[in-house]
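Please look over the structure shown below before reading on.

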Amino acid sequence: MTAALAAEGLGKRYGRRWALSDCTLEVPPGRVVGLVGPNGAGKTTLLHLAVGLLRPTAGSIEVLGRPPGDNAGQIGRVGFVAQQTPVYSRLSVADHLRLGGWLNPQWDAEAARRRISQLGLDPDQRAGRLSGGERAQLALTLAVAKRPELLVLDEPVASLDPLARREFLQLLMSTVVEHEVSIVLSSHLVADLERVCDYLVVLASSRVQVAGDVDDLLAAHRRLTGPRRDPAALPADYEVIEESHTNVQSSFIVRYGGPVYDPAWTVEELSLEDVVLAYMSRARSGAGVARRGLSVLR
Amino acid sequence: MVIEFHLNARSGLSPYQQIVQQVRHALRLGLLHEGDQLPTVKDAVERLAINPNTVLKAYKELEHAGLVAARPGVGTFVTKTLSDVSLAAHGPLRQDLRRWLAQARRAGLDDESIEALFQDTFRSSAAEDVA
């Protein structure tokens, strides 16, 4: 099957600063992909590259098997909801639907109208008078009505209150049930994405820190707590993502290849947030993949 | 609809595990009977704002356990009740547990230590079952 999103050595430079570097990814189709990372990590850059608003400085990216924004047909296959869910404030809700119909050959007018009435939006209301939550719902309705194969959303819930956030995610998930669509959405909060995503990409310091199926990620990471120990003493197939030590105790978050047999360790499962935070803090401390040696014990 | 799912962010269980648990719980308590329909994937997804695969995964696991069956295009239905089978086993298990608790107290464990030990053992054995 063709990947929803495939990047190979992808990079984007603004002046001297690399907003995204050496990004290699292959996201399977039919998934709800969460792109998580702190502000300024390169999330928006990656999404803008994916929808063809930006051109790569290095490497390549393909969306649904073709370069993004290649031609009108390719643009029609991808729906995009930009950050702050922009709409035309002087146009009414109904105007937006009409505009969508003119601009998109595959426009599903009936579904869009039905959705707007389900949401309880007044078609005559000017979009500028809508609440943040309603505006986000309108933007999502428009993006869905063009019947895309891939829907890209940049921080769609960041500016919404908790209730609007929930309603938005309900709308998004019911879209997944009704249409076969791949979704990529970004957030700086894991909690926003935890329930809706089945695939996660962690982006920090302009690089992909980890990517994979959520269940696989959860199954592959554990917290080990036990008597103080040098990380080098851990089995070779354990990758230490995060470590902390007191005089008597060591605690590690590891990515591991198999079960833990050493009875000295207390082994705990991690939440998705724990896993993500471990990778983010590793990226920030710049420890990279290399395992730190004895120095931490001194 | 017979039951409705709800998710607890602090339960320590993943959403899919919570759904499985809630169905099993309802079966054990006799809230669900053979022939009852579980919420449709669409209903559950819209209510909880969760990924449809989470619900499907939970239903698949319940199906695998022989508790429910999917009828394509219609929904997922209960095929077996848990209450009678497991209720009979409650008595002896409770007795065993009482004996174990008395043993633990004799060994000097306080309530908190007992609970910690139980939770820890429970979790690690559950993890082994999954692995």
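**A four-stranded sheet in chain A**

In this predicted model, four strands of chain A are arranged as an open sheet in the order β11-β12-β10-β13, and their pairing is antiparallel. The edges of this sheet are taken by β11 (239-245) and β13 (266-269) of chain A, each of which has a single partner strand, so one side of each is left without a neighbour in the sheet. From one strand to the next, the twist averages 20 degrees.

**A three-stranded sheet in chain A**

- Another open sheet of chain A is formed by three strands in the order β2-β1-β4, and here too the pairing is antiparallel.
- Strand β1 (residues 5-14) of chain A pairs with β2(A) in the antiparallel sense over seven bridges, and in β2(A) the residue A:Leu20 is the bridge partner of A:Lys12.

**A glycine in strand β1 of chain A**

- A:Gly11 has its place in strand β1 of chain A, and this glycine counts as buried because 20 C-beta neighbours lie inside 10 Å, where 20 or more are needed for that label.
- Although A:Gly11 and A:Pro56 are 45 residues apart along the chain, their C-alpha atoms are separated by 5.9 Å.
- When residues up to four places away in sequence are not counted, A:Gly11 touches several residues, among them A:Trp18, A:Leu20, A:Cys23, A:Pro56 and A:Gly59.

- The secondary structure of chain A comes to nine helices and 13 strands, and along its principal axes the C-alpha trace of the chain spans about 70 × 40 × 35 Å.
- Of the 298 residues of chain A, 42% count as buried.
- Among the contacts in chain A with a separation of 6 or more, 71% are accounted for by residues 24 or more positions apart.
- The largest nonpolar core has 102 residues, and those that touch the most other members are A:Val33, A:Ala50, A:Val152, A:Val184, A:Val202 and A:Tyr279; the largest share of this core, eight residues, comes from helix α5 (residues 132-145) of chain A.
- Leaving aside its neighbours within four places in sequence, A:Val152 is in contact with A:Leu47, A:Ala50, A:Val51, A:Val78, A:Gly79, A:Phe80 and A:Val184.

**Where chain B meets chain A**

- Across the two chains, 13 residues of chain B are in contact with 15 residues of chain A.
- On the side of chain B that touches chain A, the elements that give two or more residues are α2 (41-48), α3 (52-64) and α5 (111-130) of chain B, and the largest share, four residues, comes from α2(B).
- The residues on that side of chain B divide into eight nonpolar, three polar and two charged.

**Helix α2 of chain B**

- In α2(B), the residues B:Ala44, B:Val45 and B:Leu48 are buried, and they lie on the same side of α2(B) because they cover an arc of only 100 degrees around the axis.
- An α-helix has 3.6 residues a turn, so residues three or four places apart point the same way.
- The buried residues of α2(B) pack against α6 (162-178) of chain A together with α3 of chain B.
- α2(B) is followed by B:Ala49, whose phi is positive, near 55 degrees.

How values were computed:
Residues are numbered from 1 along each chain as its sequence is written. Chains are lettered from A and ligands numbered from 1 in the order in which they are written. This is a predicted model: local features need pLDDT of at least 70, side-chain atom pairs count only at pLDDT 80 or more; totals for chains, interfaces and linings use all residues. Two residues are in contact if their C-beta atoms, placed from the backbone, lie within 7 Å. Ala, Val, Leu, Ile, Met, Phe, Trp, Tyr, Cys and Pro count as nonpolar, Asp, Glu, Lys and Arg as charged, and the others, Gly among them, as polar. A residue is buried if 20 or more other C-beta atoms lie within 10 Å of its own, exposed if 12 or fewer, and partly exposed in between; C-beta atoms are placed from the backbone. The arc is that of the directions from the helix axis to the C-beta atoms. Two strands pair if DSSP finds at least two bridges between them. Axes are lines fitted to C-alpha atoms, for helices over the stretch in contact, and angles run from 0 to 180 degrees between N-to-C directions. A nonpolar core is a set of buried Ala, Val, Leu, Ile, Met, Phe, Trp, Tyr and Cys residues joined through C-beta atoms within 7 Å.
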